[in-house]
Amino acid sequence: MANVALAALESALRVKKLDRTLTTALPPLEQAEDACAPTGVGSVDACLRNGVPRGQLSELTGPRSAGCTTLLLQMLAAATQRGELVALVDTFDRLDVASMEAAGADLGRVLWIRGQAGGPLDWAIDRAFKALNLVLQAGGFGVVAIDLADVPARMLRGIPFTTWLRVQRAVEGRDTACVLVAPEPVARSAGGLTLTLTGHTSWTGSAMRPRVDGAEMRLRVVSPRRRVDGEVAVRSYEASAYVEAGL
Amino acid sequence: MNGALYAAAGSDPAQLVEVAREFSPRIDVCGPREITLDLSGLSRLFGDARAIAGELRRTAADRGLQVRVAIAGSRTAARLLARHRAGITIVDDGDDAQGLAPLPLELLLAVRRAGSLDPADHDDADAGICAAFRRWGLRTLGEVAALPAADVAARLGQAGVQWQRLARGEDARPLVPSVPEERFEQALDLEWPIDGLEPLSFVLGRLMEPLSAHLERRDRGAAVLHVRLHLVSKAVHERSLELPAPMRDPRTLRTLVLLDLESHPPPAAIDRVVVAVDPTPARVLQYSLLTRPLPSPEQVSTLVARLNALMGEGRCGSPAVVDSWRPGAFSMAPFAPVEAPSGGGVGRVGGVGGVGRTLVESGESQPRVVVALRRFRFAVPARVLVEDGRPVRVTTERSGITGGCIDKAAGPWRTSGQWWAEPFGLGVAGKAGGAGRSEPDSPWDRDEWDVTVSDGATYRLFRERDANAWFIDGVLD
């Protein structure tokens with residue numbers, strides 16, 4: 001009897017759309033055809049169900065040489081190949097243009113905003129966020145990325161959480177996938193993805209004459225609302241090794 | 001009814017145009033001394049054709065011009081008559097061919113040359129046709145007009161037919177009125193000098209609105225925006241903005257000027273503001289339903305201007321590779337995206353089912369993933385311990401780059417360049433900075449190593465061979 005009454009109550013609440021409260025987990029977001037920006041890496045896209053979500057803030061995190069920059073450049077390159085515009089807020093001016101070109105990016109579709117390599121860190125970060133806000137407000141970009149990979153973790157944690165909320169609000173409802181590159185997860189957007197990368201450089205050749213062959217990347221995907229959690233391995237190649245392998 | 005004015009040699013062309021414009025807005029400037037004008041409807045104002053011609057001549061004389069005036073049914077007839085006869089010549093409507101009949105053939109050649117946009121193209125052909133007519137024994141326009149058109153076409157082609165039509169006084173094209181050159185400029189004298197950009201923004205807004213309306217009326221856009229600020233110090237602060245695309249939105253133009261003035265503020269208070277634009281035909285946009293629309297040039301310009309004001313001049317744009325072996329060489333290009341051509345070889349991965357397909361339809365079996373380098377724009381000085389010619393330990397004083405024992409090292413790869421140029425500086429730091437970016441013409445000579453240190457990070461090191469100094473160039477990431 002009690003179950004019947006409970007079911008009736010839930011049904012009535014559902015009709016009135018009052019069945020969701022702060023303590024109830026929201027249902028997974030539905031993915032439209034064009035709701036994601038593919039990364040351009042087949043295995044990653046398969047795991048992410050077609051890429052990073054648009055209108056959300058996603059994160060690429062990992063230590064040095066884990067492959068964050070490689071994946072970011074692939075993502076930007078894939079967007080430019082689709083005819084989209086992309087923007088990179090390069091907080092400390094770390095972009096290697098040759099690497100971006102090697103990733104296959106149409107450089108004419110890339111808006112590169114270069115921060116200052118020297119100077120106080122907080123000043124550089126502040127300007128990077130202002131630039132990010134301007135780009136997001138302007139709209140029209142498929143992917144907008146901010147590179148905070150070289151910000152010390154202590155300083156990254158010191159960024160007020162409201163900053164990430166503001167970024168999330170700025171990108172919400174837009175056709176833009178916002179991507180943050182950082183050494184550790186900080187933004188933790190509910191609608192976005194967190195890709196935690198671990199990896200190492202792979203070597204080839206003899207012990208006396210070794211050379212860099214590429215990198216083995218492992219991605220762990222965390223997404224609160226998109227049910228795409230999992231792990232994926234990606235093999236990348238050093239530019240010259242790529243040519244030698246005939247790929 | 002059409003008229004023609006033919007001024008004496010040495011006359012001022014501008015004065016002649018002014019005289020013609022006093023009588024009709026529909027004028028066609030055929031040359032520095034020759035103007036045709038549509039006189040339809042003037043008879044109600046001045047009387048018959050002779051009265052109009054007399055008034056034209058009198059007005060020209062008042063301006064110090066000696067002109068011949070001819071009025072005929074067609075502009076061609078009027079031009080020919082004005083060139084041939086002094087004073088006033090009147091031919092009634094419908095009698096153009098008769099009026100032109102006694103005129104010499106060479107007159108037509110002169111008119112053809114004067115009316116051609118590119119005389120060099122037509123000189124030879126027209127001279128040939130004129131010579132052919134003369135060989136046939138023809139001396140006047142009436143004789144040419146009387147020839148059978150089919151026979152002329154058979155012997156001289158379409159050019160001969162055109163000659164014959166002109167000889168009959170028929171116009172080759174309708175009148176295309178010459179539009180007076182307009183100045184797109186607005187100025188405002190201020191009652192009190194203003195100092196600061198905020199009050200100036202209101203002034204600019206007041207100037208930009210009518211300027212944009214003027215541009216819109218003429219279907220023009222601004223290609224270059226000139227701002228002249230007359231200062232209380234009697235100096236003039238001038239700025240010119242070259243716009244990436246024709247635009248006329250007053251808010252965008254005002255924003256661009258303000259952002260530019262933020263970077264280049266006037267040194268004193270402003271007395272007078274003048275805004276002028278170089279007009280250009282407005283943009284014609286064709287949007288596509290199938291591709292993602294790009295931001296408009298106004299949006300892009302405003303965004304780039306804001307970013308330049310925030311980050312500094314030249315710190316935002318599109319990256320561009322340069323033709324150089326110098327490690328890390330690049331250049332910045334203006335960010336001016338263009339619409340992607342439709343039907344390109346790039347497809348969108350659609351839905352989950354599309355996952356795993358390559359984005360570039362180039363026949364590759366898997367997407368290309370190439371390891372990227374994070375490059376330190378200014379190479380980080382490092383202390384490197386070398387044993388048996390190979391680096392075994394690297395440390396730096398830069399926080400965040402701890403370094404450590406080197407597990408694996410690959411190298412050296414020696415690169416050098418610009419050694420033929422004058423050596424730039426002698427300091428190690430200067431050469432390290434020149435190992436890339438700030439001095440593109442400085443020489444470099446270095447050995448590069450890729451090393452993986454104990455914490456797992458892989459760095460690219462290089463040793464400046466001249467100074468035997470080590471630097472970290474970047475991180476493979």
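This is a predicted model: local features need pLDDT of at least 70, side-chain atom pairs count only at pLDDT 80 or more; totals for chains, interfaces and linings use all residues.
Which residue stands opposite B:Ala187 in β9(B)?

**View 1. Pairing of β6(B) with β9(B).** Strand β9 of chain B spans residues 270–281 and runs antiparallel to β6(B), to which seven bridges join it. Within this pair, the residue opposite B:Ala187 is B:Val274 of β9(B). Helix α10 of chain B, residues 197–217, packs on the sheet and touches β6, β7 (220–231) and β9 of chain B. The direction of helix α10 makes about 160° with that of β6(B).

**View 2. The open four-stranded sheet of chain B.** The strands follow the order β6-β9-β7-β8 in chain B, and their pairing is antiparallel. Because β6 (184–194) and β8 (236–247) of chain B each have a single partner strand, they stand at the edges, and one side of each is left without a neighbour in the sheet. From one strand to the next, the twist averages 15°. In a regular strand, side chains alternate between the two faces of the sheet.

View 3. Eight bridges pair β7(B) with β8(B) in the antiparallel sense. B:Arg228 has B:Glu238 of β8(B) standing opposite. The two strands, β7(B) and β8(B), form a hairpin with four residues between them. In the turn, B:Lys234 has a positive phi of about 70°. Helix α11 of chain B, residues 250–263, lies across β7 and β8 of chain B and runs at about 135° to β8(B).

**View 4. Contacts between chain A and chain B.** On the two sides, 73 residues of chain A are in contact with 56 residues of chain B. Helix α3 of chain A (residues 68–81) contributes seven residues, the largest share of the side of chain A that touches chain B. That side of chain A comprises 35 nonpolar, 21 polar and 17 charged residues.

**View 5. Strand pairing between the chains.** The bridge partner of A:Trp112 in β10(B) is B:Gly317.

**View 6. Chain A.** Chain A contains eight helices and 10 strands. Of the 247 residues in chain A, 51% are buried. Among contacts in chain A between residues at least 6 apart in sequence, those joining residues at least 24 apart account for 68%.

Technical notes: Residues are numbered from 1 along each chain as its sequence is written. Chains are lettered from A and ligands numbered from 1 in the order in which they are written. Two strands pair if DSSP finds at least two bridges between them. Axes are lines fitted to C-alpha atoms, for helices over the stretch in contact, and angles run from 0 to 180 degrees between N-to-C directions. Two residues are in contact if their C-beta atoms, placed from the backbone, lie within 7 Å. Ala, Val, Leu, Ile, Met, Phe, Trp, Tyr, Cys and Pro count as nonpolar, Asp, Glu, Lys and Arg as charged, and the others, Gly among them, as polar. A residue is buried if 20 or more other C-beta atoms lie within 10 Å of its own, exposed if 12 or fewer, and partly exposed in between; C-beta atoms are placed from the backbone.
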